[in-house]
Amino acid sequence: MEACKELKEKYDRCFNDWFSEKFLHGINDDSECAALLKVYTKCVAQAMKDQNINLDEVNVAHLGTEQEKKIEN
């Protein structure tokens, strides 16, 4: 989703820096990227809505359900 591309890149940079500089060194506080993730997630949700993609259908769990077994290969 082009509208969210820049936000994704900012979040990815933040996450990668946090992971390599903090998490791998035992520091488990990821709060500095949380705000970026929230803004990015909101952007993606709006972009999906703009494209008439129903978020409820995307978030439905299918693995291990009867619905999964009904899917033909």
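Phe-19 counts as partly exposed because its relative accessibility is 32%, where buried means under 20% relative accessible area, exposed over 50% and partly exposed in between, with a 1.4 Å probe and protein chains only. This is a predicted model, in which local features need pLDDT of at least 70 and side-chain atom pairs count only at pLDDT 80 or more, while totals for chains, interfaces and linings use all residues. Residues are numbered from 1 along each chain as its sequence is written, and side-chain values use heavy atoms, with hydrogens and water left out.

Phe-23 is likewise partly exposed, because its relative accessible area is 36%. The structure holds six aromatic pairs, for which rings of Phe, Tyr and Trp (its six-membered ring) must have centres within 6.5 Å, with planes under 30 degrees apart called stacked, over 60 edge-to-face and the rest tilted. One of them is the tilted pair of Phe-15 and Trp-18, at 5.5 Å centre to centre and 45° between the planes. Both residues lie in helix 1, three residues apart, about one turn of the helix. Trp-18 counts as buried because its relative accessibility is 7%, whereas Phe-15, at 33%, counts as partly exposed. Phe-19 and Phe-23 form a stacked pair, with 5.2 Å centre to centre and 20° between the planes. Together with Tyr-11, the residues Phe-15, Trp-18, Phe-19 and Phe-23 form one aromatic cluster.

Leu-24 is found in the loop between helix 1 (5-21) and helix 2 (31-50), and counts as exposed because its relative accessibility is 55%. With Phe-15, Phe-19 and Phe-23, Leu-24 makes a nonpolar surface patch of about 350 Å².

Technical notes: Patches are made of residues with over 30% relative accessible area and no salt bridge: like charges are joined within 9 Å, nonpolar side chains (Val, Leu, Ile, Met, Phe, Trp, Tyr) within 5 Å. Accessible areas come from the Shrake-Rupley method with a 1.4 Å probe; for residues, only the protein chains shown count as cover. A salt bridge is a side-chain nitrogen of Lys or Arg within 4 Å of a carboxyl oxygen of Asp or Glu. Helices (H or I, at least four residues) and strands (E, at least two) are DSSP runs, numbered from the N terminus.
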